[in-house]
Amino acid sequence: MRESSLMMLHYAAAVVLLVTGSIHLMKNNIPGMEIHGPLYLVNMLIFVSALMYHAMNGVRVILIELMPKRSRAISYIILVLGIIIYLYIANLVIALVR
Amino acid sequence: MKEENRGGVFKWFDFRNYSLERFLYTMHRISGIGLVIWIVIHTIQNAFPRLFPFMYGWEYTILLLILSFHAANGVRLLITELGFLLGKTYRPVYPYKMGVIYGTQKKFTVVILLIFFIIFLVMFYYLMLNMRVIT
Amino acid sequence: MEERWILFKVFRYNPKVDKFPHWDGFKVKVDRGTTVLDALLRIKEEDPTLAVRYSCRQSICGSCGMMINGKPRLACYTRVLSLGTDMVEVAPLKNFRIIKDLVVDFSDFFKKERSIYPFIIRSDAEEMMNPTGAYKQTEEELLKYLEFADCIECGCCYAACPTTATDPLYLGPQALNKAYRFIMDNRDEGAKLRLSVVDSDHGCWRCHFAASCSNVCPKGVDPAKAIQFLKGVIMREKTVGFKKEGTTLIKMSCLKEDQRSE
């Protein structure tokens with residue numbers, strides 16, 4: 001994929017994180033805030049997806065600047081690691097929010 | 001090799017002789033790495049809740065600082081990297097004090113730093129509330 | 001006339017002979033108008049083996065870029081007393097390969113500039129080969145790119161950028177600034193070609209807006225602004241499409257007698 005597509009998704013994920021992250025923080029820290037059920041689960045799943053993409057792309061950018069000749073290898077390793085970690089965290093979120 | 005003469009990773013953290021935007025770049029990198037470490041810690045905490053019971057404490061202040069800074073500076077980067085609020089182009093006439101580090105973009109940066117401060121204060125208030133320091 | 005003695009700490013390194021670089025100290029008497037280049041030439045009278053690159057000594061050729069007290073500046077443009085210190089440290093420009101002492105190798109820098117096609121590209125080949133007139137531009141169309149065309153290719157922005165410090169393949173603020181200057185020039189029709197070079201793994205997306213390039217530019221060119229505008233153009237091209245108004249050609253026969261060049 002072209003670099004600009006990856007960065008467009010990075011910015012989109014940032015905006016999604018601002019919204020879903022605020023809902024997550026508000027539910028857990030403001031006493032008296034009540035959001036339960038499937039809506040919160042959907043919120044958390046979207047939050048975790050956007051977070052994994054944003055964090056993995058950020059780590060990928062830093063690694064590419066440090067090791068510029070191996071950018072393809074870095075991109076593929078980050079993709080595979082990202083999918084594995086995302087599946088683990090999504091599983092954990094579904095187990096906890098139920 | 002000294003012949004190569006590259007700055008290396010130290011230049012990411014050396015903002016001594018430059019403007020505010022270089023300092024914000026360094027802080028954004030450090031806060032990004034800090035937040036990745038926080039994701040790992042938070043996942044382990046939630047995966048083994050009996051070994052690491054959740055308690056509100058003073059160390060969360062650092063997390064709140066890092067989070068609100070990265071979010072506020074991120075919004076600034078999002079808007080300027082789409083080409084908005086950067087200032088006009090002009091015929092460059094000495095003494096050149098009209099560029100991107102002086103005009104509209106600088107005012108926008110000051111507004112963003114105020115937003116960072118306000119968001120940090122709001123989150124800090126709720127942290128104090130939950131730590132029972134204030135009621 | 002106020003005169004002072006200033007200590008100059010000059011970086012000395014000859015890769016063919018020396019194992020490690022060393023610093024040499026020279027005391028030079030300076031007054032209000034002495035520039036760092038003047039001081040270096042006086043040092044050269046004492047020690048003729050010092051290698052320094054300079055040409056116009058009026059900040060228009062871009063040859064004398066070097067790290068003066070840790071910041072990349074033009075030696076002919078920097079007055080010694082304006083630095084405000086008793087000791088001035090002069091070192092070669094960072095992020096370039098050192099040839100000898102203060103002279104660095106610009107071949108990589110110019111290769112990156114050539115890779116973004118720094119010339120006007122048009123599709124009407126007949127007009128390009130045998131020109132019959134001039135292209136007209138209004139003041140607004142000129143202002144869109146004129147500031148970024150003042151670049152003297154001194155390399156100071158490339159030395160200040162934190163991304164070039166770790167990434168030798170990064171195009172650098174000078175090449176990206178030039179690419180934007182040609183994309184926004186409405187006489188040019190080669191935007192797609194340049195966008196595919198700039199929108200790559202080591203192109204404009206490795207810039208994170210540290211704005212050190214604009215901070216050190218001696219001609220007020222502002223490459224940081226050009227690169228953010230360039231990112232905006234790429235995003236606009238992906239979503240709503242990027243269109244430029246073309247120019248009109250004024251034929252020679254329309255110009256008055258005294259305006260013709262032939």
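Reply: It begins with the meaning of burial: a residue is buried if 20 or more other C-beta atoms lie within 10 Å of its own, and exposed if 12 or fewer do. Please bear in mind that this is a predicted model.

Me: Which residues of helix H7 of chain C are buried?

Reply: In H7(C), residues 191-198, the buried ones are C:Arg194, C:Leu195 and C:Val198.

Me: Why are these buried residues said to line one face of H7(C)?

Reply: One looks down the helix axis and takes the directions to the C-beta atoms. For H7(C), the buried residues fall within an arc of 105°, and therefore they line one face of the helix. On the other side of H7(C), C:Lys192 and C:Ser196 are exposed.

Me: Against which helices do the buried residues of H7(C) pack?

Reply: They pack against two helices of chain C, namely H6 (173-184) and H9 (223-239).

Me: How does the span of H9(C) agree with its number of residues?

Reply: The general idea is to multiply 1.5 Å by one less than the number of residues. H9(C) has 17 residues, so it should span 24 Å, and the distance of 24 Å between its end C-alpha atoms agrees with this.

Me: Which residues of H9(C) are buried, and what covers them?

Reply: The buried residues of H9(C) run from C:Pro223 through C:Ala224, C:Lys225, C:Ala226, C:Ile227, C:Gln228, C:Phe229 and C:Leu230 to C:Lys231, and they also include C:Val233 and C:Ile234. Their cover includes elements of other chains: H1 of chain A and helix H2 (60-80) of chain B. From chain C itself, the cover includes H5 (156-160), H6, H7 and H8 (212-216).

Me: What backbone feature is found just after H9(C)?

Reply: There, C:Gly241 takes a positive phi of about 90°.

Me: How is chain C described as a whole?

Reply: Chain C has nine helices and nine strands, and its C-alpha trace spans about 60 × 50 × 35 Å along the principal axes. Of its 262 residues, 41% count as buried. Among its contacts between residues at least 6 apart in sequence, 66% join residues at least 24 apart.

Me: What does the corresponding description of chain B give?

Reply: Chain B contains three helices and zero strands, in the order α-α-α from the N terminus. Its C-alpha trace extends over about 65 × 45 × 25 Å along the principal axes. The radius of gyration is 20 Å, whereas a compact globule of 135 residues would have one near 14 Å. Buried residues amount to 23% of the 135 residues in chain B. Of the contacts in chain B with a separation of 6 or more, 65% are between residues 24 or more positions apart.

Me: How are record annotations to be read beside the coordinates?

Reply: One takes each annotated range from the record and examines the model over that range. For chain A, an unreviewed UniProt entry lists residues 6-26, 38-56 and 76-97 under "transmembrane region". Residues 6-26 of chain A are 100% helix and 0% strand, with end C-alpha atoms 30 Å apart. Residues 38-56 of chain A are likewise 100% helix and 0% strand, with 27 Å between the end C-alpha atoms.

For chain B, the UniProt annotation "transmembrane region", also from an unreviewed entry, covers residues 30-48, 60-87 and 108-128. In the model, residues 60-87 of chain B are 75% helix and 0% strand, and their end C-alpha atoms lie 38 Å apart. Residues 108-128 of chain B are 100% helix and 0% strand, with a corresponding distance of 30 Å.

Me: How many residues form the contact between chain A and chain B, and of what classes are those of chain A?

Reply: Eleven residues of chain A are in contact with eleven residues of chain B. On the side of chain A, helices H1 (3-29), H2 (38-66) and H3 (71-97) each give two or more residues, and H1(A) has the largest share with four. That side divides into nine nonpolar, two polar and no charged residues.

Me: What is found where chain B meets chain C?

Reply: This contact takes 32 residues from chain B and 38 from chain C. On the side of chain B, helix H1 (20-47) and H2 each supply at least two residues, and H1(B) gives the most, with three. By class, that side has twelve nonpolar, ten polar and ten charged residues.

Notes: Residues numbered from 1 in each chain as written. Chains lettered and ligands numbered in written order. Predicted model: local features only at pLDDT ≥ 70, side-chain atom pairs only at ≥ 80, totals over all residues. Rg over C-alpha atoms; globule rule 2.2 N^0.38 Å. Contact = placed C-beta atoms within 7 Å. Nonpolar A, V, L, I, M, F, W, Y, C, P; charged D, E, K, R; others polar. UniProt positions renumbered as here; feature names shortened; annotations may be inferred.
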